[in-house]
Amino acid sequence: MTDIAGNLQKIKSELPETETVTLIAVSKTKPVEQIIEAYQAGQRDFGENKVQEMAAKYPQLPSDIRWHQIGHLQTNKVKYIAPFVHLIHSVDSLKLLKEINKRAIQNQRVIQVLLQINIAREDSKFGLSFEQAEELLNSDAVKQLSNVKIVGLMGMATHTDNQEIIESEFRSLKQFYDTLSRKFPGFRYLSMGMSGDYRLAIKNGSNMVRVGSAIFGARNYLK
Ligand SMILES: *Cc1c(COP(=O)(O)O)cnc(C)c1O
């Protein structure tokens with residue numbers, strides 16, 4: 001059996017004491033019972049990558065859980081999570097920002113989002129380049145969105161064992177984040193780091209890590 005509470009405690013003991021790093025427990029593919037186990041151990045931030053899965057789990061779990069949408073988000077699915085989602089990490093287009101704004105207005109709330117930046121060398125379909133992100137942030141269209149708040153950036157490093165590649169990607173995202181933070185005072189979160197690389201991410205300035213398998217054990221996609 002996976003020792004969820006023990007894993008959480010171990011990871012938390014590694015987080016720096018001086019700065020605040022938010023630990024998001026990535027519960028995708030894991031049953032509600034295991035989320036409750038983590039909740040009872042004090043965990044409140046949970047991440048899912050599929051809208052249907054998050055929307056199905058949400059009503060079965062305590063209402064003070066903060067739900068993070070970390071996976072690619074299709075425009076036509078925003079409506080299912082708009083009433084409750086805490087932070088959307090994977091925004092990579094104006095079209096998506098406009099839809100989130102529209103659904104936020106319908107639900108009379110402000111939805112916080114991060115822009116997903118493509119920092120990996122490998123081909124990735126998702127995420128903005130630095131240039132595209134700056135262009136978006138500076139656009140009048142984005143400034144007019146009343147109910148969506150861009151509060152930072154998210155990135156995923158190349159899937160590799162080469163620590164130098166991962167570190168250089170994290171470092172470049174942190175640099176970009178710092179530059180933008182001077183211009184956009186609403187910036188607060190740099191979401192980078194997963195089970196295999198969260199220590200390296202924190203060392204390089206991450207203040208939000210998304211950890212799945214190191215808490216809940218390996219995922220079984222075949223079940
Ligand atoms: C699955 C996932 C994670 C967590 O992955 P682990 O390696 O299990 O920690 C983090 N971020 C995103 C975007 C994911 O899809």
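In this predicted model, the largest pocket is lined by 36 residues, and those lying nearest its centre are M156, A157, H159, M194 and R210. The space within the largest pocket amounts to about 940 Å³, and two or more lining residues are contributed by each of β5, α8 (163–183) and β8 (208–211). When the lining of the largest pocket is divided by class, 15 residues are polar, twelve are nonpolar and nine are charged.

The second largest pocket has a volume of about 220 Å³, and its lining is formed by L137, V142, K143, L145, V148, K149, I150, F184, G186 and F187. The class composition of the second largest pocket is seven nonpolar, two charged and one polar residue.

Helix α5, which comprises the 13 residues 94–106, reaches 18 Å from its first C-alpha to its last, close to the 18 Å expected at 1.5 Å a residue. Its buried residues are L96, L97, E99, I100, N101, R103 and A104. An α-helix has 3.6 residues a turn, so residues three or four places apart point the same way. The buried residues of α5 pack against the helices α4 (78–81), α6 (130–138) and α7 (140–143), as well as against the strands β4 (87–91), β5 (111–117) and β6 (148–155). After α5 comes Q108, whose phi is positive, near 50 degrees.

Definitions and conventions
Residues numbered from 1 in each chain as written. Predicted model: local features only at pLDDT ≥ 70, side-chain atom pairs only at ≥ 80, totals over all residues. Heavy atoms only, no water. Helix = DSSP H or I, 4+ residues; strand = E, 2+ residues; numbered from the N terminus. Expected span 1.5 Å × (residues − 1). Buried < 20%, exposed > 50% of the residue type's maximum accessible area, 1.4 Å probe, protein only. Contact = heavy atoms within 4.5 Å. 1 Å grid on protein atoms, 1.4 Å probe; cavity = no way out; pocket = protein on both sides within 12 Å on 5 of 7 lines; lining within 4 Å. Points joined across faces, edges and corners; volume = space filled by probe spheres on them. Nonpolar A, V, L, I, M, F, W, Y, C, P; charged D, E, K, R; others polar.
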